[in-house]
Structures are given as C-alpha cells and as structure tokens.
Amino acid sequence: MDSDGTQDARGTHATPVPRSRSAVPPMPSAPPGLDGSAFLGWLRAARPEAQPGVWRFGHVPRPDEEPEQIPARQLVSGALIAFLVGWLIWSLLENGYLGGWWILPLQLLAPDAWLHSESNVVRGLVYNGYTLLVILAIMVGVGRLGRWGEVWRRLVTPRFRRREPEQAAPTPQEDPAQWNQLRAAGAHEAAERLGADARSGRMRDVDYARIVRAWQGVRSGRHDLGTFSGAVLRDGAAACLHPSGERDLPARVARHDLVSGQVRLGTTADDPRNPYAYRGTGLGLGPDLLGTSLLAVGPAGSGKTGTVVRPLAESLCLQALAGRAAVVVVGAAGSGLGPADAYDVVVQIGNPDSVYDLDLYGGADDPDEAAAVLAEALVGDLADPHPGSDSRRSTTVLAQLLGPFRAVHDRFPSVPELRQLLDGAPGALDALRTGLEGSGQESLIRELDARERQLGHPGDVSAILADRVALLDRPVFAGFFDTSGQSRPFSLKALDHPVRVRIDLPARGHAEASRMLARLVLAQFTASVAVREDRSLFACLVLDDATGVVTPEAVRGIQRLRSGNAGAVLTLRTLDDVPRPLRGPLLGSAGCRMALAGVTPWDGQDFAEVWGKEWTEARDVTDRQIIAETPAGKALHAVRRVITGKAPTARAVTVRQVERERWSASELAHGVPPGHAVLSLTSVQGEHAPPLLVDLRG
C-alpha cells in the first residue's frame, strides 16, 4: 500500500526513472534516524505553537514587546553611586553629623535591663545588633534605588549558571514514539513494531511522516486498518513506501522538520525594525504558508535559486516521499534545482536523451479545455494586460480545430499538424471535412465552416497562433510534444498522487519558446488542481524565473490555488518583467512576498505600497539656547562655553504617534544587506506576519 493509498504516484503517463539508491548523506544535512537516540531526540523535541514563519523545532517563545532594559554601563554606574551614597549616609550617622535621633527607637523599645546590663557582652549584642539593622535598612533602600537585584541577575548569575539539564523523557502517554493513537485503535502489535524500529534507529524522519500520513488515511476511512497493520508488521519503518521505493533524498542542502512540515531558510535578523518576538528566531516555511503562494523578487546573484527555490523544492520532495505533497519544479536546464535522483519524473525539453515528454494538452479530453490552456500558453502574454482581460478569441480558434481533429483521429494534433491547421492549409482542412462527412457530427462541420470563413479576415488571430506554434516546430523539439502514443508524456493530471517532477526548459537560443512552455505548465497546473479528487494532498508549482509568465489569466489562477490546497512559488529578477497593470494584482494574489537585496527603488516602491503603513512613536528632540540675565549666570555660562565648546542649552523631547511606511522604497533598495531579504507572510488560516528582515545565510 502506498503512502496515500494509491498504487502508482504518476498515473498512466509516467513511471519512475531507474536510479541507484544513495547512502545517507553526512551531517549536518543528514536526516534524523542515524541512531535510535538521535531520532528519538529529534522526535521528542519541543515544537510550540508560534507566529507564522517561526522555525518551531526547539523554539523558545519570546514576549511580544521588548522589555525595557537599562544599558549595562549605566546600570553598573548607578549601582556604584547608590553604594557610595549609602556609605556616606552611614558615615554621617555614625560620626554624629546628623544627630543621635536614629538611636531613639532602640532606647524606646529595648528593655532597660538590656540597655543598662552589667554584662559587656549583652550591651554589645544589643547595640551592634541594632547598628546592623540600621545598616541593612540603608542597604535595602540604596539597593532598590541602585537596582542591585538587576545587576545580580544580568551580570553575576549568568557567570555561575550551571548547564541546563537535558529535556526529561516524556511520559508514555505523551511519547510520540509509543504510537498511542495506534494502540487506542487496537493496533498494539503495529505500535510495538514501530516503537522498536524507532528505538533501534531503523526509522527516519521521512518514515515517521509517511506512516503518520498513512494512519491519517486509516482514520479518515480511505484505508483499511487491517491492511495498514499488516504492512507495518511486515515492513516496519519501511511500510507504506512511496511508489518510487525511496525513503529519502540522495542529499539535503537545508534543515527540514517533517513533524511540523517546515524547511529552515535562514534567521530573522536581530534588527529594531523586526518585531521583538521574531528577532533571532529561525525562518521556517511549510505548506501552511506556501498554500498562499510565494513571490520572490531579486536581481541575478541575489540568491533566489540557491537560498529560496532549492530548499523549498527539496522540502516539497521530502513531503512527497511522505505522501503529503505533489511538486512540479520548472527552471532552466542546469540551474541547480536538485539532482535528477531526487525526482520521479525529469522532463528535459530539447534534450534528445530525455526519458519523458511533456503533454502539450495537459491530459485533457475536452477540446474546449485543451484549447483554453493552449491559448493561454501561446498568446496569453499578448492579451490586454489588465486583470479582466483574457484570450477568448484565441481559445475559440483553437477549439474550432481541436474538436474536429480529435473526432476524426481520436487524438489531438501534433505541433506540425496544428501549425498546418492554423495556417489554413487546404489539404488539412479538407481532410478533416472528409472524415466528418457522414459521421452525424454536423456541429463539428459547422465549426470547420466558421474557421474557413474567418481565415484571412481582419482580426483573425490564427496567423499569430501559427507564428507562436512555429516556435515549437523546430528541429530541437522534433521528438517532443508527441500525441501518437510513441513517447512517454507526463501530464499534470498526475497531481492526484505524491509525484516529484522537474521540467528543464531550453537554456539558450529558445527564450520565447521557454516562456511559452512555462506559461503552459502554469496554466495546466492551475487547471488540474481545481479538479483534483483528493485535495488533502498539497500541490505546489515552483517556477524559477517567471519572466513573461504573468498574464491576467495566470493571476486569476494563482488566486484560486488556495481553495484547492495548492500554491505556487514564483521568482522574478524585477517587477519590470510584469506588465504595469498586473503588478498590483500579482502582489495581492501572493500571500508571501519577498524582496531580496539589490531590488531597484521602483520595485521597492511597489512592495512599500502593498505592505502599507503602521503607527510608530516618533521622538522630536529640540535644543534651546539658555540666555543668562544676571552677571553671575553670564559668568557661569562663559566658563561652561570655554570648557565644553558649546553654548548652554535646554533639551525638549516631544513624543507623538505618526504613520510611516513599514519599509520605504529607499530602505528596500539600499538598506537590505547582501544575503538578506525582507519577507512578509500570510498563512492559509489568515494569520499575518509583518515584513521581516531575514538573513538567508543563517
């Protein structure tokens, strides 16, 4: 039984690439599970609930507001001055400069037998004891004024603090390694087998997440308890494997926590512009945040691929191995999106050695659906760049040809055949008409008649479509986009299964074709996730370099992903690669927005507008010169001016509430250090995190 209860994670269009199993990579990128104690320590670690984006593994919550803390130098000097004041007061009392009033309480309250005792010891104890009480009272008073307690806590106690004891082992009722949910359901033997594998080190983090996912399927009724228990008793930690048979990735470049589903991208900077609760915490992203989609903007070399895209793709591949996610990663060939062994399907468009092909029609059976997706890919960037525009005319033209062709040939046309139909070649259209005659499909014949009438008329878009199809009808793509069944095309209809897919676009010489194919994958992805049967599986599209991909229909599709338990990760070098009318809707459709170091001021202006303003406390300090009116005052001011070199002034401080931008365009363009980014987050539950300055190298 697979991790999601299916027998094949790639459907009928794809099978896994044969590859050799790799050894567990060395630390620190190795997963938990090298030995029993390490795995149990990882499994039992605290993961408290936290704000969106906080790395929960081992997190220690901080207060929301920064406590007021006196600088150490000022604290020490104040404590020393208070001690000297106390010493002075006692010296004055002891030497009688302040009179003898402080002895009166002793004379009034103490018995005469004590005060006038013939024993020197008794009198010494009485007077010295009372003196000690007075000294202690003075010390308590000046100690409070000098904050001696805070000095002790901040400067003395940390030097003698012992090493914190290790986390106590949880009780059997709270220990996740006991698999109490299985025991409660009656699967005691399965729980014992899993617990033994966890203690012996045979279980890894992916195994734990995969079995938990399979158990969720049992609880929801998708799987049978007997089948699940039998698989666990037979295979132990290797039960419910992913269809590829893999239990881990060949290598890891980032830290992952599969209990919370997070990948650590960096550390939130200890910067005053960040909320105090976030400062110094790890930055962790998971499906709960990627479900609102992520847009990352930064120039070349800012770290988009290495510090953002690669770790996220790796995390989603691990989630797929655990049966929780399906991921499609799209980028230029050789862009460093992970080794081929980390994926089930690798489509290398333009490479004759590619094992898989890409289904040009996305596995659609309906000609209208296939026409809509294909029109978006071909001419979506030519549509009016406003949120309400679309490519309906192009969709109609393609539907007029795809419907009759499929009815005659029981398949959709290949790229050369589609180009001939769009060019209006008489032989191609006549062959379709001949095939339809006598079949009783008069509606399709009327479609052909309408297409022939529109050919060559002003406003006909078939010529534009033919020019775009010609970009795919090149010798380098001759073996791709086959519709005859002779190749192994991958279809995004397989997103019902935990599949890991990487699509390599042509790197050089075919930039326009690469952008068309990226639009095709995005359109097929948004169309496929909307009709999935099992939406408990998180689906994510990772698109490295979305230049020329953002269209009005693409923005609408991204907005609909959240409701289908899906998300998209898009990267751009600059927002200038997006038409001006679509920049606002694109930033609005992405719940997570990232501006990396080096963005231009005009890109920063768009981010500043979408992040809005906040109320802050502004302090205005005014220095006013003091004018002396008496001769003595003038002389004193002259002496002060000679010593300090400045005229005597009086300082006035005004505190007021003002509304300012969270991050201004200038700060984003010039105030973000290299290797850093400013990131705002929104979870699928609607929780928000303000823009955070993050060190992506931490």
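On a 1 Å grid over the protein atoms alone, a cavity is a set of points where a 1.4 Å probe fits but cannot get out, while a pocket is an open set with protein on both sides within 12 Å along at least five of seven lines; a residue counts as lining when it has an atom within 4 Å of a point. Grid points are joined across faces, edges and corners, and a volume is the space filled by probe spheres set on the points. The model is a predicted one, in which local features need pLDDT of at least 70 and side-chain atom pairs count only at pLDDT 80 or more, whereas totals for chains, interfaces and linings use all residues. Residues are numbered from 1 along each chain as its sequence is written, and side-chain values use heavy atoms, with hydrogens and water left out.

Searching the whole structure turns up five cavities of 30 Å³ or more. The largest cavity holds about 70 Å³, and its lining includes L249, R310, E314 and Y343. Sorted by class, that lining has eight nonpolar residues, one polar and two charged. (Nonpolar here means Ala, Val, Leu, Ile, Met, Phe, Trp, Tyr, Cys and Pro; charged means Asp, Glu, Lys and Arg; the others, Gly among them, are polar.)

The second largest cavity comes in at about 60 Å³. Among the residues around it are Y361, E369, K493 and Q524. Two elements, α13 (367–379) and α19, each give two or more residues to this lining, and α19 has the largest share, with three. (Helices, H or I with at least four residues, and strands, E with at least two, are DSSP runs numbered from the N terminus.) The lining of this second cavity splits into four nonpolar, three polar and two charged residues.

On to the open spaces. The largest pocket contains about 650 Å³ of space. It has 32 lining residues, and S260, G286, P287, D288 and Q685 sit closest to its centre. Helix α9 gives the most to this lining, with four residues. The class count for the largest pocket is 11 nonpolar, 14 polar and seven charged.

The second largest pocket takes up about 500 Å³. Its lining has 26 residues, with G331, A332, D544, D545 and R573 nearest the centre. At least two lining residues come from each of α12 (304–321), β5 (325–332) and α19 (511–529). Here α19 turns up again, giving the most to the lining with four residues. By class, this pocket has nine nonpolar, 11 polar and six charged residues around it.
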